[in-house]
Amino acid sequence: MGTCDMSNLKPEASDPREIAKWAERYARSRTIPFLVQWVFITTLVVVLGALSQGAIMAWKTGHSGLQWTCILAIAVFTLTLLWFSIAKGGRRQVWHISQWVYGREGYASPRGRRDADKRAKRMTWLLPVGLGLGIYHLIGLVFVGLGHLDMRYLQPFSALYMVPFLAMMILSQRLGLWAWIWPVLYAVHAVLLFVGAPIDFPGFLRYLDIIIPVFGYGFLSMIVGHFYSRYAFRRLRSLARVGLEDVLVETGEE
Amino acid sequence: MSGLDKTIHEPARLRILTILSGVDVADFSFLLETLGLTKGNLSSHMDRLEKAGYVDVRKSFKGKLPHTEFRLTPPGHEALASYWDDLDAIRALQDTHSAARNGRAAGPDAST
């Protein structure tokens with residue numbers, strides 16, 4: 001039996017096992033699929049909100065044609081939202097857009113993701129908990145509408161469900177540290193509003209008290225994840241290529 | 001040296017396996033872009049690793065484009081872990097020998 005080349009035994013500037021760590025960090029912080037979903041869902045929710053306002057205004061002013069057009073559009077957009085969230089076609093679109101954004105970089109999924117997906121399929125409680133999130137917020141809005149809950153306290157009310165929900169999603173999907181930015185900021189925002197810190201919006205802007213934590217903090221966490229993935233990929237590439245240049249020259253590769 | 005797995009000991013293949021040990025699945029483009037190898041070179045390394053039973057290859061189509069994914073198999077995980085253990089043992093031995101040689105070269109007064 002021939003002897004092995006000794007070059008791999010030379011002490012290197014960093015342990016090659018670091019490559020595995022950075023590959024894992026990179027795979028866990030690829031947030032483009034989440035960002036694609038976020039943009040699509042946020043757009044649809046904003047459109048649905050505008051259509052609801054349009055339907056109410058049309059009903060108040062007696063424009064029944066416009067009112068029914070808005071209701072029809074709400075039905076269409078709601079079905080689109082459900083298709084995107086549940087159907088395989090929606091997931092395929094997310095995949096294609098993500099691959100287009102990542103370009104030549106290719107695809108790597110984090111360890112445990114397959115198990116997490118399998119577990120998610122077995123989690124029969126996931127759908128009721130997700131539906132509960134919507135119902136809980138609807139109840140909150142009704143309370144605000146009836147005057148039982150001040151608009152200022154809608155976000156703290158929301159945080160009681162939203163923060164554990166987000167934490168559960170992050171743990172079950174085994175997302176990276178970046179994902180914790182969302183529930184942590186959500187909880188801090190809720191506490192600050194509850195204790196009376198002057199961070200609430202005045203007048204007609206008061207809906208931003210809930211919109212910013214729901215969508216803004218989510219967007220922030222995904223952007224942080226994305227930038228971290230850029231850093232992790234650069235580190236991974238530089239570590240993985242150390243020592244390979246000599247080999248490529250020897251074998252005539254570029 | 002005969003204890004070290006020659007399939008793994010090749011630098012490019014060692015890096016491929018190390019990357020795959022940190023992820024669940026990686027595709028051909030990801031490995032290509034990370035390692036900076038040519039397509040032909042990477043393909044030949046992946047063939048070798050697949051034949052050794054260290055890597056599981058899954059070929060599919062995404063639309064009209066072929067898509068190849070790689071995953072480290074349980075024997076691949078074991079072989080890589082065993083490789084690192086062996087390498088650490090050899091390096092420790094080398095360090096011991098170097099220290100002993102340096103001690104002899106410095107002579108008995110070196111510590112004073």
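Leaving aside neighbours within four places in sequence, which residues is Thr73(B) in contact with? Select Thr73(B) and look around: its contacts are Gly53(B), Tyr54(B), Val55(B) and Asp56(B). Keep in mind that this is a predicted model.

Thr73(B) sits in the loop between strand S3 (65–72) and helix H5 (74–106) of chain B. Its relative accessibility is 14%, and because buried means under 20%, Thr73(B) counts as buried.

Next, select Val55(B). Not counting residues up to four places away in sequence, Val55(B) touches Thr73(B) and a set of others, including Leu17(B), Leu20(B), Met46(B) and Phe70(B).

Now colour the largest nonpolar core, which has 40 residues. Val55(B) is among the residues that touch the most other members, along with Ile19(B), Leu20(B), Phe30(B), Leu42(B) and Met46(B). Helix H2 (11–22) of chain B is one of the elements giving two or more residues to this core, and H2(B) provides the largest share, six residues. Look across to chain A as well: domain 1 (23–109) and domain 2 (112–244) each supply at least three residues.

For the last stop, pick strand S1 (residues 23–27) of chain B. Five of its five residues are buried, so S1(B) is largely enclosed by the rest of the structure. S1(B) pairs in the antiparallel sense with strand S1 (residues 108–110) of chain A over three bridges, and with S3(B), also antiparallel, over two bridges. Click on Ala26(B) to finish: its bridge partners are Ala108(A) and, in S3(B), Phe70(B).

How values were computed:
Residues are numbered from 1 along each chain as its sequence is written. Chains are lettered from A and ligands numbered from 1 in the order in which they are written. This is a predicted model: local features need pLDDT of at least 70, side-chain atom pairs count only at pLDDT 80 or more; totals for chains, interfaces and linings use all residues. Side-chain values use heavy atoms; hydrogens and water are left out. Helices (H or I, at least four residues) and strands (E, at least two) are DSSP runs, numbered from the N terminus. Buried means under 20% relative accessible area, exposed over 50%, partly exposed in between (1.4 Å probe, protein chains only). Contact means heavy atoms within 4.5 Å. Two strands pair if DSSP finds at least two bridges between them. A nonpolar core is a set of buried Ala, Val, Leu, Ile, Met, Phe, Trp, Tyr and Cys residues joined through side-chain atoms within 4.5 Å. Domain bounds come from an automatic or database domain assignment.
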